[in-house]
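Colleague: I am new to this structure. Please take me through its features in turn, with the general idea ahead of each case.

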Amino acid sequence: MTVTHAPAQPAEARDTAPAPRAGGRHHGRRRIWATAGFHLGAGLLSALWLVPIALVLVTATRSFDDIASHGVGSLPHSFTLDGFHQAWVDGGQQRALINSLLVTVPTVLLSLLLASMAAFGLSRYELPGRRTLLLLMLGGNLLPPQILLIPVSRISETLGLYDSLYALIGVQVGFGVGFYVFVLHGFMRSVPPEIQQAAVIDGAGPWQIYRRIIMPLAKPALAALGALSFTWIFNDLLWAITVLRTDSRMPITASLLGLQGQFVSMWNVVAAGSVIAAAPTVVVFLRFQRHFVAGLNLGAVK
């Protein structure tokens with residue numbers, strides 16, 4: 001068996017081998033310091049964001065006597081859930097939460113249904129004036145809602161829908177569907193046309209293409225829009241106090257405003273009502289957070 005050895009390098013070659021440059025070490029240190037600074041800054045911003053939330057949660061679980069004796073910003077000396085009970089029962093949060101869900105859930109479903117159908121037609125077929133129609137839908141969302149409060153109120157009175165949840169649902173659908181169409185239009189245009197052409201060859205009509213092909217592919221975008229629209233509609237106050245008048249029909253945001261007037265100095269009850277009002281949107285966001293950013297980026301212009 002023959003053993004071969006690599007030729008030894010001359011002493012001159014070994015002496016002239018390039019040594020590690022000092023600049024590389026300095027560059028690595030700068031990257032480490034930059035990464036540490038970024039994480040430190042992000043941590044401080046996160047803490048700045050979370051401190052008010054933690055303060056509200058702690059205040060909601062303190063008793064009124066504790067807050068009155070030691071102040072709102074002091075360390076807690078008690079733990080009770082009486083504030084949640086008072087806000088839920090005496091403050092009317094239970095009824096208001098049901099009203100908010102009765103408005104938000106149908107509005108989200110109806111808005112996404114109408115927007116997906118409109119976006120499908122505008123993106124997959126050569127309709128006359130489709131670009132103008134799309135720009136009109138988008139331009140309607142650029143109008144400040146304050147200039148439309150009186151017209152919307154008068155129209156709801158004329159139609160006999162004033163002071164009803166149907167009026168609030170109609171307003172939310174009308175002012176939200178244009179933005180949803182714009183986002184879904186950008187996504188549906190990115191679907192390869194060969195998929196639709198293959199379905200047409202197999203004998204599928206427009207409704208079958210929309211229901212069996214486009215809608216399953218649009219689930220991430222629909223999930224992201226669903227989370228966004230749920231948050232916007234659930235937290236809306238302006239349109240609620242515009243088309244509603246009876247306290248028993250007010251949603252959770254308007255009820256929280258009334259709760260602050262009813263329990264002026266009882267900060268634990270007001271904080272508990274704020275937690276109750278924020279809980280549904282937090283649950284929805286956590287449920288759809290996987291699709292949130294990805295769904296919005298799907299409709300972006302490449």
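Colleague: Why does D163 count as buried?

Modeller: Buried means under 20% relative accessible area, exposed over 50%, and partly exposed in between (1.4 Å probe, protein chains only). D163 has 11% relative accessibility, so D163 counts as buried. This is a predicted model: local features need pLDDT of at least 70, side-chain atom pairs count only at pLDDT 80 or more, and totals for chains, interfaces and linings use all residues. Residues are numbered from 1 along each chain as its sequence is written, and side-chain values use heavy atoms, with hydrogens and water left out.

Colleague: Where is D163 placed, and what is its phi near?

Modeller: Helices (H or I, at least four residues) and strands (E, at least two) are DSSP runs, numbered from the N terminus. D163 is in the loop between α7 (149-158) and α8 (165-189). Most residues other than glycine have a negative phi. The phi of D163 is near 65°, a positive value in a residue other than glycine.

Colleague: How many helices and strands are in the protein chain?

Modeller: The protein chain has 15 helices and 0 strands. Of its 302 residues, 34% count as buried.

Colleague: Which residues are buried in helix α13?

Modeller: In helix α13 (residues 252-262), the buried residues are I252, T253, A254, S255, L256 and L259. For packing, contact means heavy atoms within 4.5 Å. The buried residues of α13 pack against α4 (82-90), α5, α11, α12 (238-243) and α14 (267-287).

Colleague: How many aromatic pairs does a search of the whole structure find?

Modeller: Rings of Phe, Tyr and Trp (its six-membered ring) pair if their centres lie within 6.5 Å; planes under 30 degrees apart count as stacked, over 60 as edge-to-face and the rest as tilted. The search finds 7 aromatic pairs. One of them, F230 with F234, is stacked, at 5.6 Å centre to centre and 10° between the planes.

Colleague: Why are F230 and F234 separated by about one helical turn?

Modeller: An α-helix has 3.6 residues a turn, so residues three or four places apart point the same way. F230 and F234 are about one helical turn apart because they are 4 residues apart in helix α11 (residues 219-234). Both F230 and F234 are buried.

Colleague: Which residues do ring pairs link into a cluster?

Modeller: Ring pairs link F120, Y125, W207 and Y210 into a cluster. W207 is found in helix α10 (residues 206-217).
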